[in-house]
Amino acid sequence: MKNADLKYLKVLANQYPNIASVATEIVNLKAIMSLPKGTEHFITDVHGEYEQFRHVMNSGSGAIQRKIEDEFGSTLGIPEKRTLAMLIYYPEVKIRQIREQIPDEENMTDWYRVTIFRLIRVCKNASSKYTRSKVRKSLPKDFAYVIEELMTGRPDVADQESYYNEIINSVIQTGRASELICDFCHLIRRFTVDHLHVVGDIFDRGPYPHLIMDELMAHHSVDIQWGNHDILWMGAAAGSEACMCNMLRISARYGNLSILEDAYGINMIPLMRLALEFYPEPVSKAFAVHVSDDEYDRSFAEIDAKMQKAISVIQFKVEGQTIMRHPDWEMDDRLLLDKMDLEKGTILLDGVEYPLNDTNFPTIDPEHPYELTYEEQDVVNRLKHSFQQSERLQRHIRFLYTKGSLYKVYNGNLLFHGCVPLNDDGSFQEVELFGKKYSGKSLYDILEHYARKGYYSLDPQEKRNGEDILWYIWLSKNSPVFGKKKMATFERYFIDDKATHKEPKNAYYELYEQEEILDKILVEFGLDPKGAHIINGHVPVIVKKGESPMKCGGKLLVIDGGFSKAYQPKTGIAGYTLIYNSYGLILAAHEPFESLEQTVLTETCMHSHIVMDENVTKRKMVADTDTGKMLREQIEELEELLEAYRSGAIVEKA
């Protein structure tokens, strides 16, 4: 045995000090590998739509209904199964409703008893693929003993029947039945979905991204693939002025500035004062607020529009400064302020002169168009300080960095938000950054490297480059997260000719129906193309036009179906979610979620339909997963330790 191996085994021996402990752990790990793989839940492009997100999460995209159906079949009627499902989704709300419907205490006691028995059965079903140890660790503190006894007891055995029933009766008599039911419901949801994948874009558009982030931070097992809108918020929190201005502009456009003020404590007064000072008259209709939410106070629409224009002008200036700092990024075509002739009211783009629909730019100096005025710089400094001092925002962004990445390879699938940049011939697009060239996986890796530097680095220049890269990831034509040849924000605001508004997509979106292209991408990221899938979001699937989320026969799954209300009129549905359990993949399309009150009151689940049900020929076990690979490595190490004990190379401890 090599000295290095022996040294490592001696360290391992501190955890497993004798033959008995090593053998027990080997038995345990081998047994775990024979269990069915846990259920994975994929969701993307949530865009701040908290209520819809919460319902999809609570229902497991229909997985809980399937558990109830598996357990009770025809022994329960459809109304009873629907009531049980709604109870599991929203236990606190449903129990209040039941109490109003059953004022008689004796009948309520009967309901408690029947419901607890039913929940025990569903919970047993949901936890059946986990070890006793994992189940025990998941139990709520207050009822850990009670729930374990109820789930492992045998009421059908005469010796245990009275004991089992007395536990339930005592819980009801002590007034804790509601709490026990709630804990059972939360536990069922916990066991139904073992791991959550969020394939990007938690932020922007919808009104409650902060609530979604709070919920994700409380989730038992989650990973996040950063979307372009997540990157924008990450950059703003890191200190990127260009990212911050983009984020503020989008928030103003969608009537969400209140999120920044109320949820994150960002002081918007400096920007409001600037907007009122330089834009006292109504601004162009291009800056109209896009919101259909009844909660939005329309009296703020005019000031939000003015703030949107004020921050847009600042954005184009600081973006120009960023582009000029990095000439190797080849983004000079997005330097537009110096192409304007405000006296003629035109702009020169690609050799073509277009009329501007708005020439009111009181803060732009035609001689130095990318310089901020004193007032603008003051606003930027104040906002930047406010972003960096927001404790809740920084907590959320740190979580994104901790649990997130630009891509993830997990259990034979490749997850990323946007695309892998390709040339028209299908070859990987080569991109130069800081003097070196990257493509394919290496492009993803270097962008993530600098994205982390932009937030964490203590070196000022390194951090500045990282902040600029975060903005680059947001809108560069070479960014895998953006995936378009340009972001036409300026054109959409100031030029009426819609030909200038087009944002051509990367060749990836033309070639992803070709199996050899997808196979090449999978191999690039270290996957065997046979049986592997690419899962991404970013570009909404326009179901109304007959588009399908399944590309190349299901090898690529685009699961953005319009979670955001802003996209639903265009897509025709309210998002896709994907479930990957031990039997295969299930892709579901969802209808819009109306409201919590209406859903619970009428027991109307969000309508969903299965788009794809891809079953495997052999049920997937833990041994077939990435966790299984790690367990096999641990078993090999433990077997080496066992041999070292038996050969006398390492002495057992008592």
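Predicted model: local features only at pLDDT ≥ 70, side-chain atom pairs only at ≥ 80, totals over all residues.
**Aromatic pairs around Tyr401**

A pair of aromatic rings is described by the distance of the centres and the angle of the planes. In this model the count of aromatic pairs comes to 27. One of them joins Tyr401 and Tyr455, whose ring centres lie 4.8 Å apart with the planes at 25°, so the pair is classed as stacked, given that planes under 30 degrees apart fall in that class. Because Tyr401 belongs to helix H19 (residues 391–403) and Tyr455 to helix H20 (residues 440–456), this contact ties together parts of the chain that are 54 residues apart in sequence.

Tyr401 also pairs with Tyr456: here the ring centres are 5.4 Å apart and the planes stand at 70°, so the arrangement is edge-to-face, the class for planes over 60 degrees apart. Since Tyr401 lies in helix H19 and Tyr456 in helix H20, the pair links parts that are 55 residues apart in sequence.

| Pair | Centre distance | Plane angle | Class |
|---|---|---|---|
| Tyr401 and Tyr455 | 4.8 Å | 25° | stacked |
| Tyr401 and Tyr456 | 5.4 Å | 70° | edge-to-face |

As for accessibility, Tyr401 counts as buried, with a relative accessibility of 1%, and Tyr455 is likewise buried, with a relative accessible area of 13%, whereas Tyr456, at 43% relative accessibility, counts as partly exposed.

**An aromatic cluster and charges over rings**

Elsewhere, one aromatic cluster is formed by Tyr407, Phe416, Tyr444, Tyr508, Tyr509, Tyr512 and Phe525. Tyr509, a member of this cluster, also has a lysine over its face, as Lys505 is placed there at 5.8 Å from the ring centre. A further charge over a ring involves Phe428, where the charged end of Lys520 sits over the ring at 5.1 Å from its centre.

**The hairpin of E15 and E16**

Strand E15 (residues 576–581) and strand E16 run antiparallel and are joined by six bridges. The two strands form a hairpin, with two residues between them, and within this pairing Leu578 has Leu587 of E16 as its bridge partner. For strand E16 (residues 584–590), seven of the seven residues are buried, so the strand is largely enclosed by the rest of the structure.

Note on methods. Residues numbered from 1 in each chain as written. Heavy atoms only, no water. Phe/Tyr/Trp six-rings, centres within 6.5 Å; stacked < 30°, edge-to-face > 60°. Helix = DSSP H or I, 4+ residues; strand = E, 2+ residues; numbered from the N terminus. Buried < 20%, exposed > 50% of the residue type's maximum accessible area, 1.4 Å probe, protein only. Lys NZ or Arg CZ within 6 Å of the ring centre and 35° of its normal. Pairing = 2+ DSSP bridges.
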